[in-house]
Amino acid sequence: MKIVINRDKLMESIQHVTKAISSKTAIPILAGLKMQATHNGITLTGSNSDITIESFIPVEEEGIQFIDEIEQGEIIVHAKYFPEIIRKLPSQTVQIEVDEQLQITIKSGHAEFHLNGQDAEEYPQISQIHTDTNFELPINLLKSMIKQTVFAVSTSETRPILTGVNIKVENEQLHFVATDSHRLAASKLPLQTVVEEFPYDQVVIPGKSLNELSKILDDTEDNLQISITENQIAFQSNHLYFVSRLLDGKYPETSRLIPEESKTVIHADTKTLLQAVDRASLLAKDNHNNVIRLQTKEQEIVEISGNSPEIGKVEEEITVAKMDGEELKISFSSKYMIDALKIMDTEQVKIEFTGAMRPFIIKPIDHDQILQLILPVRTF
């Protein structure tokens with residue numbers, strides 16, 4: 001195998017696929033990065049058996065030549081040293097050559113490296129997913145949905161199913177739901193392509209997979225194809241193929257957690273509320289979960305306070321746009337509230353309370369595509 005390639009383009013692909021490579025793998029060959037050269041271009045692959053990422057570099061695209069010379073072949077390179085070498089090469093062009101003994105020679109400018117490679121035949125076969133359950137989504141919208149939900153997945157392995165985001169298609173809408181049993185984040189979106197039949201009761205993608213996917217996708221309006229099977233999901237864009245395993249188990253029925261009616265409703269400026277909650281949390285750091293309190297006052301005034309007996313307390317009154325219903329005192333985690341408000345894409349939010357000890361929901365004023373639910377904390 002021999003290639004002469006643009007260093008920056010190669011580095012970009014390497015950064016994508018190394019996100020799937022772990023040094024702590026039970027299968028030693030997966031600690032390496034697979035390079036495969038054909039006459040069309042080069043495919044790089046990284047995998048940790050949970051997720052697999054393939055990145056393709058074409059010989060040329062839109063008149064830009066990325067690869068000047070190519071001879072077919074494949075090799076496994078060391079995923080720790082190879083990226084470091086490529087990153088620090090002196091010239092814009094890199095020549096990579098592999099001989100019969102799997103020795104890799106990397107030349108750029110006056111620098112020359114020799115690395116030991118491994119036989120690519122030993123690398124597990126990465127099969128493309130073939131399924132009838134396919135739909136398309138603009139990349140920027142998928143990234144928004146991930147951002148609006150993935151932070152609420154559980155970080156505890158005691159209930160592994162909650163470390164993922166539950167995906168379903170209903171009434172031609174795509175739903176993402178995440179919960180750690182103390183809070184819930186949901187996002188929905190109309191689908192452009194109609195999914196005839198969604199044969200799976202549930203599809204739960206590990207939160208870690210979605211975080212990595214979000215990092216490597218560019219913010220574009222280009223479409224991404226999503227394909228789902230019993231135990232895997234694949235996301236395919238122009239030159240990227242990302243496969244993740246799905247989580248086993250039964251995802252809890254979350255729709256019944258969402259209160260049907262409310263007793264107190266507040267319309268507030270998202271930024272003002274976020275900053276007030278943030279300030280109140282400064283003196284709530286020591287107590288468990290940074291608990292703060294919200295109390296309604298007369299004439300559209302809400303008091304937000306934080307209290308830590310050893311440190312001190314903070315109280316702040318903010319004026320809200322609208323307030324209806326019963327008086328309320330409620331305590332909750334400031335961290336959960338900050339997380340929920342940060343992802344709101346509107347200037348004003350609507351908060352619906354059903355009492356001091358019942359979950360409350362936060363959503364944008366002008367649409368219902370995002371919903372955040374937080375369980376209060378008993379402080380007395």
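Glu 212 counts as buried, at 18% relative accessibility. Buried means under 20% relative accessible area, exposed over 50%, and partly exposed in between, with a 1.4 Å probe and protein chains only. Glu 212 sits in helix α4, residues 207-216. Helices here are DSSP runs of H or I with at least four residues, strands are E runs of at least two, and both are numbered from the N terminus. What does Glu 212 touch, leaving aside neighbours within four places in sequence? Lys 19, Ile 51 and Phe 242. Contact means heavy atoms within 4.5 Å.

A word on the source. This is a predicted model, where local features need pLDDT of at least 70 and side-chain atom pairs count only at pLDDT 80 or more, while totals for chains, interfaces and linings use all residues. Residues are numbered from 1 along each chain as its sequence is written, and side-chain values use heavy atoms, with hydrogens and water left out.

Now to another glutamate. Glu 71 is partly exposed, with a relative accessible area of 43%. Glu 71 belongs to strand β7, residues 67-71.

Next, the whole chain. The protein chain has six helices and 28 strands. Its C-alpha trace spans about 80 × 50 × 40 Å along the principal axes. Of its 380 residues, 51% count as buried. Take the contacts with a separation of 6 or more: 66% of them join residues 24 or more positions apart.
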